[in-house]
Amino acid sequence: RTGSWGAGAGGPAAAPGSTPGPAVNALLPFAVVLVGTGVGMYLDGRARALAAGAARVSVAEAFQRADSLSVMLRAAAAGLGVAGGLPLLQGRMTLARVSEEFAEGVKEVVEALMVLALAWVFGDAVARLRMAGVLSGAVRGLGMSPGAAPAVLFVATAAVGLVTGSGLGSMAVVFPMVAPVLGGGAADPGVALHACAAVMNGAVLGNVASPMSDTAVLASATVGVPLPAHVANMMRPTTVAGAAALLAHMAVGAGWATPFGAMVAAAAGAASVDTLLG
């Protein structure tokens, strides 16, 4: 939060928002974070690779070895310093006002950070409990045909994404189930490809619908909308889209439609239903 008010030229502090500040006050902190993250990732990864005995280090290897969390924290701290330092140097804000705005900004994201922390804890618990094996055994116990597997995997992935708030995490949990559910190496390549697409489809659906998703939390915090209200607003379109996708996966699995035809029909049907519901 880099406001554009404060004590200027010895006069009293202006009312918040009364004087527009220069665009650089908003753009430069973001640029510092973005550039600092990229450069920091390369330098950190390169140093780690050289310390491990590598003679030459490519950019890809440097990014792979970098401690991304540490680099992003340092880049964020640098961006915060720039965001607070610019209005001080320009005389637009006093140090007390900068401190107050920093505290206000922290208060706005505390709830979001708590939700994200709980989501990460839950996701780690799911991984440690080896939920993939449990779900795989349960799905195989249904005795279903391979054509029905994509629809079931879609629902399973969406459910995991909904409770964990992580699309990538839900894919990591469910993807190991694909081969066992389809019968290993004897699976039809077309069905296997459909199953993988269903897993990714369900991961996106669960991530969008989850109140613990980082995208939902950050979106609500950014626009100032309470998280429950944001989730409630997203519930209808995601439910309609999820139902249309499930019907499409079932139709393709049963051989009633081609993947492209089912995709077009599902998109058109979801858009039509959402429009009718207003």
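Trainee: How many helices and strands does the protein chain have?
Mentor: The protein chain has 11 helices and zero strands. Helices (H or I, at least four residues) and strands (E, at least two) are DSSP runs, numbered from the N terminus. This is a predicted model, in which local features need pLDDT of at least 70 and side-chain atom pairs count only at pLDDT 80 or more, while totals for chains, interfaces and linings use all residues. Residues are numbered from 1 along each chain as its sequence is written, and side-chain values use heavy atoms, with hydrogens and water left out.

Trainee: What share of the protein chain is buried?
Mentor: Of its 278 residues, 31% count as buried. Buried means under 20% relative accessible area, exposed over 50%, and partly exposed in between (1.4 Å probe, protein chains only).

Trainee: And the contacts, what share join residues at least 24 apart?
Mentor: In the protein chain, 67% of the contacts between residues at least 6 apart in sequence do that. Contact means heavy atoms within 4.5 Å.

Trainee: Let's go to Thr-157. Where is it found?
Mentor: Thr-157 is in helix H6, residues 149–164.

Trainee: Buried or exposed?
Mentor: Thr-157 counts as buried because its relative accessibility is 0%.

Trainee: Which residues does Thr-157 touch?
Mentor: Not counting residues up to four places away in sequence, Thr-157 touches Ser-170, Val-174, Val-199, Gly-202 and Ala-203.

Trainee: Which other residues of H6 are buried?
Mentor: The buried residues of H6 include Ala-149, Leu-153, Phe-154, Val-160 and Thr-164.

Trainee: How far does H6 reach?
Mentor: H6 has 16 residues and reaches 22 Å from its first C-alpha to its last, close to the 22 Å expected at 1.5 Å a residue. The expected span is 1.5 Å times one less than the number of residues. Just after H6, Gly-165 takes a positive phi of about 75°.

Trainee: Now the other end. Where is Ala-257?
Mentor: Ala-257 is in the loop between helix H10 (227–253) and helix H11 (259–276). Ala-257 counts as partly exposed because its relative accessibility is 31%. Leaving aside neighbours within four places in sequence, Ala-257 is in contact with Ala-251, Val-252 and Ala-262.

Trainee: Which residues of H11 are buried?
Mentor: Those are Ala-262, Ala-266 and Ala-270. They cover an arc of only 60° around the axis, so they lie on the same side of H11. The arc is that of the directions from the helix axis to the C-beta atoms. An α-helix has 3.6 residues a turn, so residues three or four places apart point the same way.

Trainee: What do they pack against?
Mentor: The buried residues of H11 pack against H10. The face of H11 turned away from its buried side carries the exposed residues Phe-260, Ala-265, Thr-275 and Leu-276.

Trainee: New topic: how many cavities of 30 Å³ or more?
Mentor: The structure holds one. On a 1 Å grid over the protein atoms alone, a cavity is a set of points where a 1.4 Å probe fits but cannot get out, and lining residues have an atom within 4 Å of a point.

Trainee: What volume does the largest cavity have?
Mentor: About 30 Å³. Grid points are joined across faces, edges and corners, and a volume is the space filled by probe spheres set on the points.

Trainee: Which residues line the largest cavity?
Mentor: Among them are Val-208, Ser-210, His-230, Met-234 and Thr-238. The largest share of the lining, five residues, comes from H10.

Key:
1 Å grid on protein atoms, 1.4 Å probe; cavity = no way out; pocket = protein on both sides within 12 Å on 5 of 7 lines; lining within 4 Å.
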